[in-house]
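Subject: Structure handover

Hi,

Here is the structure I promised to pass on. Please open it and keep it beside this email while you read.

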Amino acid sequence: MIAYLTRRLIQAALILLGVSLITFALLYLLPADPVRQIAGRSATPQTVESIRQQLGLDQPFAVQYWRYLTNLLSGDLGRSYIQRSEVSELIVARLPASLLLMVGAIVCELVIGLSMGLIAAVKRGSATDQALMVGSFIGVSAPQFVVGLLLLYVFAVKLGWFPIGGYGTFSHMVLPSLTLGILGAGWYSRMMRSSMIDVLRQDYIRTARAKGLAQRAVLFGHALPNAILPVIAMIGIDIGLFMGGIVVVESVFGWPGIGQLAWQAIQRVDIPIIMGVTLVSACAIVLGNLLADIVTPFIDPRIKLR
């Protein structure tokens, strides 16, 4: 276990290094000038050049990246160009809201997706199966802002069941969590369906049925624990995706998470915040995958860490 964790942590460090290098290079090549955003339209060329020198943006790419990397190793994510605050403080302030939304979204997508996949596998080839798979395809293909606006119009504007936006209560979390859950449920339902169909063909399932076990006992006691294993890896990936990929949903619902922080930074070309959110999301993806790999052997002892 120790050797496995050491190897994975080394791999994670190399992945994060690559993510930081690629992201920094892409931001360096952007045609937009962050100094102009800071100085304003009426700034003189002398003022612009002075700000550029103060921020070190007049240095070559290698010098800028090396300085950022050395600061990063000491835990310094830099300061926001626009808000003039530490990036780490801004991210920490927004992180609880994003974590709360992430948990709600994962619960929604698991409940919806696993239920759809289980029903579709049991009723394989029927009209119910086809309808559920069409629904999952629509859920996967639908843009986030379309689903979010549709839910807002129906449940907030027309029915008045939930607030239009904001943060602070359970009712504020329902619609954004459901929006992300619907989009993710399609992947889970298709994965669950194919996995469950494969498990239901196994000899031990036929043996359990031959012993006279009820359908519910066969499905939930024998088939589901084995069919759900591929889903665990997807949950690990979702942890990272929700941390950095909920920009649109947070903007639609006015949710004060790091996704909204990243969107504001992109509009203002605030490079330190963009870098910080990207690295936090990359860390979440790496840790989520590692956690999924560690937890899986405890669910199924036949799987060993190698």
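Helices (H or I, at least four residues) and strands (E, at least two) are DSSP runs, numbered from the N terminus. On that basis, the protein has 14 helices and 0 strands. Bear in mind that this is a predicted model.

**Confidence**
The mean pLDDT is 80, and 92% of the residues reach 70 or more. Among the elements, helix H4 (residues 61–73) has the highest mean, 87. Helix H11 (residues 229–244) has the lowest, 68. Where pLDDT is low, the predicted coordinates should not be read in detail.

**Overall build**
The C-alpha atoms fill a box of roughly 85 × 55 × 30 Å along the principal axes. The protein has 306 residues, and 40% of them count as buried. It exposes about 16,400 Å², with carbon and sulfur atoms supplying 67% of that.

**Helix H3**
Which residues of helix H3 (residues 45–55) are buried? They are Val48, Ile51 and Arg52. Seen down the axis of H3, these fall within an arc of 100°, so they line one face of the helix. The face turned away from that buried side carries exposed residues, Gln46 and Gln54. Just after H3 comes Gly56, with a positive phi of about 75°.

**A surface patch**
Leu150, Tyr153, Val154, Val157, Leu159, Trp161 and Ile164 form a nonpolar patch on the surface. Together they have about 720 Å² of accessible area. Leu159 sits in the loop between helix H7 (144–158) and helix H8 (170–200). Its relative accessible area is 43%, so Leu159 counts as partly exposed.

Best wishes

Terms used
Residues are numbered from 1 along each chain as its sequence is written. This is a predicted model: local features need pLDDT of at least 70, side-chain atom pairs count only at pLDDT 80 or more; totals for chains, interfaces and linings use all residues. Side-chain values use heavy atoms; hydrogens and water are left out. pLDDT is the predictor's confidence in each residue, from 0 to 100. Patches are made of residues with over 30% relative accessible area and no salt bridge: like charges are joined within 9 Å, nonpolar side chains (Val, Leu, Ile, Met, Phe, Trp, Tyr) within 5 Å. Accessible areas come from the Shrake-Rupley method with a 1.4 Å probe; for residues, only the protein chains shown count as cover. A salt bridge is a side-chain nitrogen of Lys or Arg within 4 Å of a carboxyl oxygen of Asp or Glu. Buried means under 20% relative accessible area, exposed over 50%, partly exposed in between (1.4 Å probe, protein chains only). The arc is that of the directions from the helix axis to the C-beta atoms.
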